Amino acid sequence: MVHQSQYTQQEQYPDALESISELGPGHIEIISKNRVHLHIHLLDQDIARFRYAEYGDFDADFSYAIDPDYQPQVPDYKIDDQDKLVMIHLDKFYLVITKEFLKVTVCTPEGLPILQDEKGYHWEENQEHGGNIVQMTKVCQPGEAFYGLGDKPTHLNLQGKRLKNWGTDEYGFDVHKDPIYKNIPFYYGLHHGIGYGIFFDNSFESYFDFASERRNVTSYWAMGGDMNYYYIHGTELMDVARNYARLTGKAPLPPLWSLGYQQSKWSYQPDSQVLEIADKMRELRLPCDVIHIDIDYMDGFRCFTWDPDKFPDPAGMIDKLHDTGMKVVVIIDPGIKIDFEYDVFKEAWEKGYFCRRADGPYIKGKVWPGDCYFPDFTREEVREWWAGLYGGLIAEQKVDGVWNDMNEPALFEVESKTFPLDVRHDYDGHPCSHRKAHNVYGMQMARATNEGLLKYAGNKRTLTITRSCYSGIQRYSAAWTGDNIASWSHVWAAAVQCMRLSISGLSFIGSDVGGFIMQPTGELYVRFVQLGMFHPFFRTHSSGDHGDQEPWSFGDEYTDYVRTNLEQRYRILPYLYTAFYQTCDDGSPFLRPLAFVDQSDAKTHHINEVFLVGDHLLTAPILSPSVKGRNVYLPQGLWYNYWDAKSYEGRKEHWVDVPFDKTMMLLRGGSVMPIFPVQQYVGELEFDHVELRCYFDKEEVTSIWYEDDGDSFDYQEGQYKLHSFRSSYQDGKWWMSHDVEGDYASAKKEYHMSFIGFPESSYVITVDGNEVSESQGICKVAADFSEIVIKKK
């Protein structure tokens with residue numbers, strides 16, 4: 001119990017309860033005697049929102065994070081007003097609010113505390129800027145683990161950490177550096193086998209302390225705004241992730257080519273070098289779908305222009321790249337060069353689209369073009385203007401995607417690395433300073449870019465990529481982890497960051513393979529590739545002043561290793577695309593830490609770099625030189641090595657060989673893995689069959705495989721196929737059912753099936769009641785089959 005004496009002299013807190021009332025369905029207001037208002041919104045059976053304000057002076061109820069399509073469905077509830085407590089009962093949990101200090105506890109139906117206020121809500125005056133510093137402290141339960149919070153390059157379990165959200169351009173960030181580029185104020189708690197989530201929807205500079213200052217307390221606070229947070233129920237961590245996605249939105253389905261390999265460098269120039277790189281990828285049979293063109297394609301770093309000497313015919317160059325199956329992504333930054341002969345600048349100047357200081361002048365900052373002004377992307381009219389600027393790149397030159405950089409926003413030659421805090425923003429009709437808008441600036445730039453691509457690409461899916469963001473960014477953009485380093489520690493960081501971002505709602509994520517800064521050895525580059533091939537965004541990118549970093553830059557031996565790994569990426573594309581479909585459909589993270597797969601096993605709570613891709617594929621990177629494999633702890637179940645079919649028992653540690661040409665791929669027993677033929681790019685080949693690898697287990701397991709045309713939005717009109725395979729085993733007989741949903745006319749007419757790990761060396765296979773035979777371990781089956789049964793002869 002916290003007593004009044006435990007607050008500091010500066011801290012203010014709610015007094016005793018004075019009144020409780022219902023303002024509408026699921027909207028409960030509690031007012032303390034010192035006029036603190038607590039609004040509880042019971043949004044649905046899994047999500048409750050808590051807002052506090054002194055004197056009821058709430059900020060406007062506006063958020064960039066919440067999905068506009070989210071529709072609250074108020075659950076059944078009952079309010080029980082007792083002598084010292086108010087209890088609010090729901091089916092899945094209940095709330096207890098003390099009448100002293102308005103402390104809140106969330107409990108299971110059985111009465112176990114899930115989330116419990118320690119000091120609870122309190123605040124103190126912000127002496128420098130005005131307003132309040134709003135604070136919340138919760139009890140940290142014994143053994144509680146914490147996850148999430150975006151791109152923090154530190155241990156997955158955040159227990160014992162104190163972290164900050166303030167997007168910062170950290171060139172060559174160190175492992176454990178904080179803050180860096182992204183701002184996602186959402187975390188998970190896990191204790192007593194129960195998972196929950198907290199989304200602190202406040203875009204001011206914010207902090208999170210996970211039992212760092214006091215080992216039995218977790219706290220979060222912001223330097224302004226409201227105390228406004230959402231409790232997100234589980235109790236499985238995966239359910240928390242899906243519920244968070246319902247609240248903040250799900251990613252759109254990307255084009256299939258965007259899951260292919262991508263090659264980049266700062267900078268490929270002139271156009272002849274871009275074409276040479278693409279041609280060499282094809283000549284050396286290195287599968288690749290995308291080439292990126294960095295800032296040097298522009299005329300003096302002016303956005304939406306091409307250098308007339310280096311790139312005299314961009315449309316012609318892009319046509320040639322398209323002819324070889326290569327897509328093109330170009331970079332666009334927010335800084336607009338001050339130049340009255342430059343149409344983009346002139347129009348924005350005349351229409352007043354640039355951000356201003358508090359006393360009126362425009363914010364001027366130095367970035368790549370020199371002195372620049374910066375659009376206010378928190379203004380709808382400015383976003384519409386920005387979207388319209390993409391007509392030339394997308395509609396005329398046929399660029400396929402856009403990569404937004406420097407949008408924290410970043411500035412050169414100033415200690416803060418960003419705008420002064422007095423810069424004003426529209427914030428979509430809720431004017432504010434940069435203190436509030438900073439953390440959403442990059443998100444709103446990416447949003448405007450995405451709107452431009454959608455406007456001009458027609459019935460084609462495109463790719464938007466951003467460096468900085470806020471919660472909800474998944475609705476608009478993919479991202480990468482920023483300016484990393486060619487080091488073994490950054491292989492570890494890339495694994496952890498991409499997992500953390502995936503469970504923080506942003507699954508379309510990757511790192512700069514090989515490291516952006518410095519040059520890797522051939523061995524380090526191959527190990528980076530072997531990790532990157534399991535991340536959705538799979539791109540080599542490097543700073544050119546540190547040496548070449550193309551797949552052939554390290555000698556023929558390493559080129560061969562890279563080729564083999566790239567080919568494997570393309571073979572498992574149907575599985576990866578299916579995992580992304582799940583992300584888009586129900587918000588399931590594409591990358592899943594072991595704690596999200598087997599949370600009842602406490603050993604998984606502190607494992608960092610081992611993860612699942614989708615439902616059934618487990619991998620882990622090699623983290624040091626001169627090793628041929630690694631130990632890996634497996635979650636519950638039976639697991640098979642993709643390469644040699646060796647089986648491993650779960651909840652044990654095993655040694656797994658990981659040579660340079662065979663990255664770790666362990667498949668869950670009972671799963672079905674779809675495999676494509678090797679292609680040099682998505683759509684290169686037309687094929688009428690798919691390999692299906694079926695792994696034995698005695699447990700019932702469901703696998704899915706999603707397919708559509710991979711490029712258009714026709715899937716939204718039912719033009720897709722969702723295959724569901726359900727396998728089980730009983731009394732010496734294994735069977736698998738196959739159900740199909742959707743109207744897509746797939747070209748795949750036959751499955752080449754292999755059955756791995758079956759306990760019987762001699763068995764009979766029947767397909768829809770008809771006995772079939774195997775040839776060289778492959779059983780050819782019509783794609784419309786309904787049931788396969790395998791039993792001992």
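Partly exposed, for today, means a relative accessible area between 20% and 50%. Keep that in mind. One caution: this is a predicted model.

Start with helix α4, residues 343-351. Lys-351 and Glu-347 sit there four residues apart, about one turn of the helix. They form a salt bridge, with the closest N and O atoms 2.9 Å apart.

Next, helix α7, residues 434-457. Glu-451 pairs with Arg-447 in a salt bridge at 3.4 Å. The spacing is again four residues. Here Glu-451 is partly exposed at 29%, whereas Arg-447 is buried at 18%. Elsewhere, shared partners join Asp-169, Asp-405, Glu-408, Arg-467 and Asp-483 into one salt-bridge network.

Now a pair that links distant parts of the chain: Arg-214 and Glu-118, 96 residues apart. Their N to O distance is 2.8 Å. Arg-214 lies in the loop between β16 and β17. Glu-118 lies in strand β9. Arg-214 is partly exposed at 32%; Glu-118 is buried at 10%. How many salt bridges are there? The count comes to 45.

On to the nonpolar side. The largest core has 207 residues. Tyr-147, Trp-386 and Leu-618 are among those with the most contacts inside it. Helix α8, residues 488-503, gives the most to this core: eleven residues. Apart from this core lies another, of 44 residues, including Phe-93 and Tyr-229.

Last, Leu-618. Leu-618 touches residues including Leu-594, Trp-639 and Met-664.

Key
Residues are numbered from 1 along each chain as its sequence is written. This is a predicted model: local features need pLDDT of at least 70, side-chain atom pairs count only at pLDDT 80 or more; totals for chains, interfaces and linings use all residues. Side-chain values use heavy atoms; hydrogens and water are left out. A nonpolar core is a set of buried Ala, Val, Leu, Ile, Met, Phe, Trp, Tyr and Cys residues joined through side-chain atoms within 4.5 Å. Buried means under 20% relative accessible area, exposed over 50%, partly exposed in between (1.4 Å probe, protein chains only). Helices (H or I, at least four residues) and strands (E, at least two) are DSSP runs, numbered from the N terminus. Contact means heavy atoms within 4.5 Å. A salt bridge is a side-chain nitrogen of Lys or Arg within 4 Å of a carboxyl oxygen of Asp or Glu. Lists of a residue's contacts leave out its neighbours within four places in sequence.
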